[in-house]
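Here's a quick briefing on a predicted model. Have a look at the sequence and structure, then read on for some charged pairs and a sheet.

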Amino acid sequence: MQKTADEVGAVPAGTLTLPTGIRLVTGEGALPAVEVAIASATALVYLHGAHVAQWTPTGQKPVLWMSEHGAFSPTAALRGGIPVCFPWFGPNLTDATAPNHGWARISPWSLTAAALVGPDAVLTFELAGAHRDAAGTAQPVSLRYTVTIGATLTLDLIAQNDGDSPLSVETAFHTYFAVGDARDTQLLGLADLPYLDRTLTPPATASSALPVAIIGAEIDRVYPMPRIVTIDDVQNRRTIQVGHTDAAQTVVWNPGSAKAAAMADYGDDEWTETVCVEACNVRDQAIVLVPAGSHHMGVTITIAPPTTNTPLTERSQHDKAQHDQKTEEPTVMERLSNATHPRTALPTRAIQFGEGNFLRAFVDWQLQQMNTQGLFNGGVKIVQPLAGGLAAMLDEQDGLYTVLLEGKQDGEEVQTHEVITLVNGTINPYTDYQAYLDLANDDDIEFIFSNTTESGIVYSADDLRADAPHASFPGKLTALLYRRFELGKKGFQLIPCELIEHNGDKLKETVLATAANWELGDAFVAWVNTDNTFYSSLVDRIVPGYPKDRAEELCAEFGFEDRLIVKAEPFLLWVIEGPQTLTETLPLAKAGLNVTVTDDMTPYRERKVFLLNAPHTTMASLARLAGVETVRDVMLDADFGPLVDKVMYEEIMPVLDLSHDELAAYAESVKERFENPFMHHELAAIALNSASKFKSRLLPILLNFHAKNGSFPTRITLALSAILLTYSGDPAVTVTPVDSAETIAAFHAAYAADGYVAAILSDTTLWGTDLSAIDGLVEQVTAGLNSLRDRGVRATLADLTILA
């Protein structure tokens, strides 16, 4: 039985006022936890890992399983329940000493909000800068996790990149479901879907026409996520439904008898009590977070009546097969294919490494726009870069899929969809390596596009020339280029889309390093350098991916079933660094697309950081003090909408090195993106680690503006005042900052002493320089802070003269 925090003194009561039915307790191993006991359900969530250990809807048996042999320790992962896997899944591929499934599940989270909303309890947990590398540097990523407890359990995780470089992250809710007997349990909704079988070495792709059954051998499979996965828990006479998620995949895992017996925190026979169904984005579906970018993953778990009233053990095999067919989700319409959507054959003009959402909604969509206008006349062959992927699903739909555009463009709301018809098939080099090498024979192929995440463009000395296939993307690419060279054919134009600076240069470096390691010879190196062009590129389009919550409705609207719908915003930007000859061979701009070929993309990269990310930080710092919650709410607000416009046009654009007209066009497109009625971008997510964001996004503008004009940009300086007020710890401030403990402690210590603003601005560890030495800055920031605290943010914005 748990004791309350006040009873045992082990869990600090904190500053939150907890509503009736929610209390802090001490759980197993003296670990602090949040206990929920409301009319609709009971639950227990440990602060260690923000780990949901129990959830029992009223009138039900427990839905989650916890091992009786698990360790409850502040340094160990809990076995069972719902571990949050982040920022990697499984073992770390580059550091064998790193914790399995990442550091989030073994870190202490903070409970930052607890409320009763209708019949549900809503808990919010946050984690910022929690993991430190060998040098002691905190990883620049913040997490916000919302757990909604009631008759339904809903999990929402937001990950935000607070650094200056892109990050590739994997996310998973590693959910252990309690079942009466796993041997009588089946998983419905996964039949006929391709899966990566991770129990094989190397992992291999397979599929099955039958539901998933647990028979005692280990099962470890990665599936594309269907709309619903149903756990047919026959012995408990119920079904558990996992769905309404924006995760790209689901992992199904059960250790089986042998592996369970070998695990210290797993009872020998406990494998019969549970099955894991995990909503996730892993491996080839890993998420790339651009600087200031965030990603949301959610899932909903519900309990439903049993699919049958007869225990499975009493059925004949014939009845079982009939039961399986009946309980699979019925096909209500024809699947998207050449039969439903005939198309004209196109020559293959491009190879595409990667079949994920971004490339399909960005590169392929643009190539199709050129095809429609008769400017390209080409298709693509998609290469699956990892052993697990979507190639088989694409083949099932004859390479067809729908791109759904939703947002604002040129002042109008846009909702359009288009079937992409240029995929000429897929190749999985893990199952047919010869077909992969045969791509080198095709004289029509001129371009190679890629998006293998920034971790994909990394040289690997472990790749051997004889491997078939090679593990790394550069290894696969080098093998293809060498085959092309051996055939005496022309080279390629390579345009990587990975979110790293100078990605084309980096890709070429890895190819040449691989060639040297394999001793491919000087002639090949010369051919790579002279017959192939590696372009660096900057890409920008928000692509949320498969709209699971609306997929059924959309398919009904389209008139066909499409399991590969990709949702994206209408806006796109592609800046490609290289010779202007590309505009003739790849006439994207001629097709009316927002594509620029330039010899230096630096100004465009700066434009994105300072006109997209910097206004984000400005609005979040100020608007949250007025209770505004989302970016769209800011743009529709009579006070804050004009603030964004003036920050862009009067404070940022005058110090950027691009033409005013070009900057204005980009600024207007950014404002449209901010106003997108189909996106829900929370200011709370943007505001994570605001101090470091101000340093990277807004401080350069402030310093350049001051150097140019001898004065400070009023609104950006006021945003700095807002950050100092928010971080101060003043009890009158209702907005709570989320940052590392060290950063917040530094602000609190300075606020407790005299001369707060001067003291904190002089902290070079925060700003990289002594800002208090800049004449007049301390005075203006102080005036802004005092006004925000005493008069409020709206009154301050209405009378900015007080800051002069």
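Arginine 198 counts as partly exposed, at 24% relative accessibility. Its salt-bridge partner is aspartate 220, with N and O 3.2 Å apart. That aspartate 220 is buried, at a relative accessible area of 9%, because the cut-off for buried is under 20%.

**Salt bridges**
- The model has 28 salt bridges by the rule used here.
- Arginine 198 sits in the loop between β15 (195-197) and β16 (204-206) and aspartate 220 in strand β18 (residues 219-224), so this pair ties together parts 22 residues apart in sequence.
- Glutamate 675 and lysine 408 also meet in a salt bridge, at 2.9 Å from N to O.
- Glutamate 675 is in the loop between α16 (660-674) and α17 (683-686), while lysine 408 is in strand β27 (residues 401-409), so the pair links parts that are 267 residues apart in sequence.
- Both glutamate 675 and lysine 408 are buried.

- Arginine 715 forms a salt bridge with glutamate 650, with the closest N and O atoms 3.5 Å apart.
- Arginine 715 belongs to helix α19 (residues 714-727) and glutamate 650 to helix α15 (residues 640-652), so parts 65 residues apart in sequence get tied together.
- Arginine 715 is buried at 13% relative accessible area, whereas glutamate 650 is partly exposed at 41%.

- Nine strands make an open, antiparallel sheet, ordered β7-β8-β9-β10-β24-β20-β19-β14-β17.
- β7 (110-117) and β17 (212-213) are its edge strands, each pairing on one side only.
- Seven bridges join β7 to β8 (residues 120-128), and leucine 111 stands opposite phenylalanine 125 in β8.

Definitions and conventions. Residues numbered from 1 in each chain as written. Predicted model: local features only at pLDDT ≥ 70, side-chain atom pairs only at ≥ 80, totals over all residues. Heavy atoms only, no water. Pairing = 2+ DSSP bridges. Helix = DSSP H or I, 4+ residues; strand = E, 2+ residues; numbered from the N terminus. Salt bridge = Lys/Arg side-chain N within 4 Å of Asp/Glu carboxyl O. Buried < 20%, exposed > 50% of the residue type's maximum accessible area, 1.4 Å probe, protein only.
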